[in-house]
Amino acid sequence: MNKREFLKDMILFIPAGGVLHALAQQAHGLAAGDPGPYGSDYDPSDHLYGMGIEVEKCIGCNRCVEACKIENDVPQEPYYFRTWIERYTIGGDGEAVVESISTQPQPGGDPGPEDRDILRTFFVPKLCNQCANPPCVQVCPVGATFQTKDGVVLVDETRCIGCSYCIQACPYGARYLDPRTKTADKCTFCYHRIIKGMLPACVEVCPTQARIFGDMRSRASRLMRFERMNKINVLKPDLNTEPKVRYAQLDGEVR
Amino acid sequence: MKVPEQVIRIGIVVAVLLTVVLVLRFAVIPPSLFSTEQHQSSTIKRELATPVMHAGVATCRQCHADEFDRKSAGYHKGITCEACHGAGEVHANDPMSVKPIAPRDRKFCPVCHGYDPSRPTGFPQINPTAHNPVKPCIACHDPHDPVPPETPAECSACHAQIERTKALSSHALLPCTTCHEATEQHKIQPRMALPDKPSGREFCGQCHASDSRNRSAPKVDLAAHGDSYLCWECHYPHLPEGR
């Protein structure tokens, strides 16, 4: 490039920069006048959602799993779950066997291995822990997954490139790659329901109230009452993910 | 030391370029172009547009108040309609043409009530193969008010957690009826007819007062011990170790 060409290009470049600037200012103005995605009568910073799970109440009926699949249009194949139930069986030798009972087409019918010497056995509902320090958000290379102000981790399916890094990073195995869109998907606490003041679908249908949902910013919420009345544990506390799914009567074997 | 002229020149060029870049980045281009706010906001919008499928029990109640009230008085009071009848928002919007499912065969109830060793102790379970084979469950049990044909005799059938705690305590040998009197009605409608509880210090004093005739129970002087507090404000009667 010689000097003449360079100057010619500059003549084009500077007005183009001006146009870009004008467009950007316009976009900024639009954003400022927008009431936001929630509308005017909901302020997300007033809320912080969490779920409590009372392990001793879970009967492993899978109603929550089925309701979740219907509510959130999760693929029906038994490999894709936003929430699922695990059966823990601790044998006489102290070894814990974990299996997902949500993969069975007819839950509750199979009593599991009878010949083993069983010390104790129970069900544990699992779902996305909506961590306050989410590893999945940290590793996303395109910033497609993020935390809302009310504490829910969401995935932008138009940004997600389907690299599955977040699925690997999640210590709770709560994410899956949707086979239809080839993007990562996960539990949203039924975000479209809770904003309207409804309960997540799994909490709505749980027949034994093993799941409690509520707002951590309100001391009167069912969740805060649950946390006052029970000794609370979270899954893998050593990872410092600070989960917002809290378990009561959690066995030490549960991972 | 004299700085060579060409170094000063290149220094000026670098400084000008740097200033231009910094001005462009921080003054000309508005922060909204870099912020993640807009794509996050559009994600939230998309998320909020997801159709609701489960109407919630309050919606069901508006039309089906009778069933709701009947259910609320019985053992199934904690179960929402959609746990058995499936997602009902479509039905709620168009009640005439879309009917929710109403499971009537023997397959459905054992989803919760079939025996499974992992289920919590005390949860009512049956062996679906041996329990009145072929007969549909609703022939004997009304799903909205499922009274068991035979009421469990032991309190532990429902109060398993208390029973297990008590079994470890020094009150293990006392039957529940030592302190609680439950009417027959309590077994049919547990919340409607609550069993009674001791009301005063004298009740515990029957065994634990210093002038009691019970020999094995530890004794305290009711007049001097624990001011005017009730016994169970410090001692949990189902696990009465002093604390």
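Gly50(A) stands opposite Gly214(A) in S9(A). This is a predicted model, in which local features need pLDDT of at least 70, side-chain atom pairs count only at pLDDT 80 or more, and totals for chains, interfaces and linings use all residues. Residues are numbered from 1 along each chain as its sequence is written, while chains are lettered from A and ligands numbered from 1 in the order in which they are written. Helices (H or I, at least four residues) and strands (E, at least two) are DSSP runs, numbered from the N terminus.

Strand S1 (residues 49–54) of chain A is joined to S9(A) by 5 bridges, and the two run antiparallel. Tyr49(A) has Asp215(A) in S9(A) as its bridge partner. Two strands count as paired if DSSP finds at least two bridges between them. In chain A, an open sheet of 4 strands has the order S9-S1-S11-S10, with mixed pairing. Strand S9 (211–215) and strand S10 (232–233) of chain A stand at the edges with a single partner strand each, so one side of each is left without a neighbour in the sheet. Strands of a sheet pair through backbone hydrogen bonds, either parallel or antiparallel.

Is S9(A) mostly covered or mostly uncovered? It is mostly covered, as 4 of its 5 residues are buried. A residue is buried if 20 or more other C-beta atoms lie within 10 Å of its own, exposed if 12 or fewer, and partly exposed in between, with C-beta atoms placed from the backbone. Helix H7 (residues 222–229) of chain A lies across S1, S9, S10 and strand S11 (245–248) of chain A, and runs at about 115° to S9(A). Such axes are lines fitted to C-alpha atoms, for helices over the stretch in contact, and angles run from 0 to 180 degrees between N-to-C directions. Contact between two residues requires that their C-beta atoms, placed from the backbone, lie within 7 Å.

The loop between S10 and S11 of chain A holds Lys236(A). Its phi is near 45°, a positive value in a residue other than glycine. Most residues other than glycine have a negative phi. Lys236(A) counts as partly exposed, with 14 C-beta neighbours inside 10 Å.

Chain A also has an open sheet of 3 strands in the order S3-S2-S4, with antiparallel pairing. Strand S3 (96–100) and S4 of chain A are the edge strands, each pairing on one side only. From one strand to the next, the twist averages 20°. Strand S2 (residues 83–91) of chain A and S3(A) are joined by 5 bridges, and Arg87(A) stands opposite Glu99(A) in S3(A). H2(A) lies across S2 and S4 of chain A, at about 155° to S2(A).

The contact between the chains takes 46 residues from chain A and 38 residues from chain B. On the side of chain A that touches chain B, the elements giving two or more residues are helix H1 (3–33), helix H2 (63–72), strand S4 (118–127), helix H5 (191–194) and helix H6 (201–205) of chain A. H1(A) provides the largest share of that side, 6 residues. The residues of this side divide into 22 nonpolar, 15 polar and 9 charged. Here Ala, Val, Leu, Ile, Met, Phe, Trp, Tyr, Cys and Pro count as nonpolar, Asp, Glu, Lys and Arg as charged, and the others, Gly among them, as polar.

In chain B, helix H2 (residues 37–48) has 12 residues. Gln40(B), Thr43(B), Ile44(B) and Glu47(B) are buried in H2(B). Seen down the axis of H2(B), its buried residues fall within an arc of 100°, so they line one face of the helix; the arc is that of the directions from the helix axis to the C-beta atoms. Their cover includes strand S5 (145–147), strand S6 (153–155) and H5 of chain A.

Two further residues of chain B complete the account. Asn132(B), in the loop between helix H7 (110–113) and helix H8 (160–167) of chain B, has a positive phi near 40°. His186(B) is placed in helix H9 (residues 184–188) of chain B and is partly exposed, with 19 other C-beta atoms within 10 Å. His186(B) and Ala15(B) are 171 residues apart in sequence and 87 Å apart in space, C-alpha to C-alpha.

Conventions
Expected span 1.5 Å × (residues − 1).
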